[in-house]
Amino acid sequence: MRTDSIHGCGGFVEASLSLVKSRKAADTKFDYSHITVELRTVDGLVKDRTQCAPNGYYFIPVYDKGSFMIAINGSEGWSWDPEKVPVVVDDTGCNQNEDINFRFTGFTISGRVVGAVGGESCSVKNGGPSSVNVELLSPSNDVVSSVVTSSFGRLPIQKYYSR
């Protein structure tokens, strides 16, 4: 159903307080311009998308009334709170003109440890050593997280959250 007026859904993308605090004064500011925010139907079809401004602001014009979903798409492995938000567009606007904000909370770490060429772990196709301890260290060499590789050298998917 078409309306005579255009409404919009907007808000900000920002880093969690602890991620902001973990940065040094000399670090460059977060640049959110590579992040996109999408307006989706309740079935998940993308109706529109927009790129965030470097400061994290976004705005999506909405031409139809109804129920939708706003979802964030960032760099692979980035974690968000929330990842999507249900919205209703009616005569009062998008969710009654309230900002819809997303918080960048951390990273996902995944991968595989591989053996040296000709090493024992290479005898299995796409193999790698199991039971290898892999650590994520802070800039000051403190252990942030630690995992042990599973069969074929796979790292269990680890989410590092900093809220």
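A salt bridge is a side-chain nitrogen of Lys or Arg within 4 Å of a carboxyl oxygen of Asp or Glu. By this rule, five salt bridges are counted. The structure is a predicted model, in which local features need pLDDT of at least 70, side-chain atom pairs count only at pLDDT 80 or more, and totals for chains, interfaces and linings use all residues. Residues are numbered from 1 along each chain as its sequence is written, and side-chain values use heavy atoms, with hydrogens and water left out.

Side chains of opposite charge can pair when their charged atoms come close. R49 and E38 meet in this way, with a salt bridge of 2.9 Å from N to O. R49 lies in strand β3 (residues 46-51) and E38 in strand β2 (residues 36-41), so the pair ties together parts 11 residues apart in sequence. Strands (E, at least two residues) are DSSP runs, numbered from the N terminus. E38 is buried, with a relative accessible area of 5%. R49 is partly exposed, at 49% relative accessibility. A network of salt bridges links E38, R40 and R49.

Strand β3 also holds K47, and strand β4 (residues 57-64) holds D64. K47 forms a salt bridge with D64, and the closest N and O atoms are 3.1 Å apart. The pair links distant parts of the chain, 17 residues apart. K47 counts as partly exposed, at 41% relative accessibility. D64 is buried, with a relative accessible area of 17%.

Another salt bridge joins the side chains of D91 and K65, at 2.2 Å from N to O. Both residues sit in loops: D91 between β7 (84-90) and β8, K65 between β4 and β5 (66-73). They are 26 residues apart. D91 is exposed, with a relative accessible area of 63%. K65 is partly exposed, at 27%.

The cysteines were examined next. A disulfide is a pair of cysteine sulfur atoms within 2.5 Å. One disulfide is counted by this rule. C9 and C94 form the link, their sulfur atoms 1.9 Å apart. The link is right-handed, with 95° about the S-S bond.

Technical notes. Helices (H or I, at least four residues) and strands (E, at least two) are DSSP runs, numbered from the N terminus. Buried means under 20% relative accessible area, exposed over 50%, partly exposed in between (1.4 Å probe, protein chains only).
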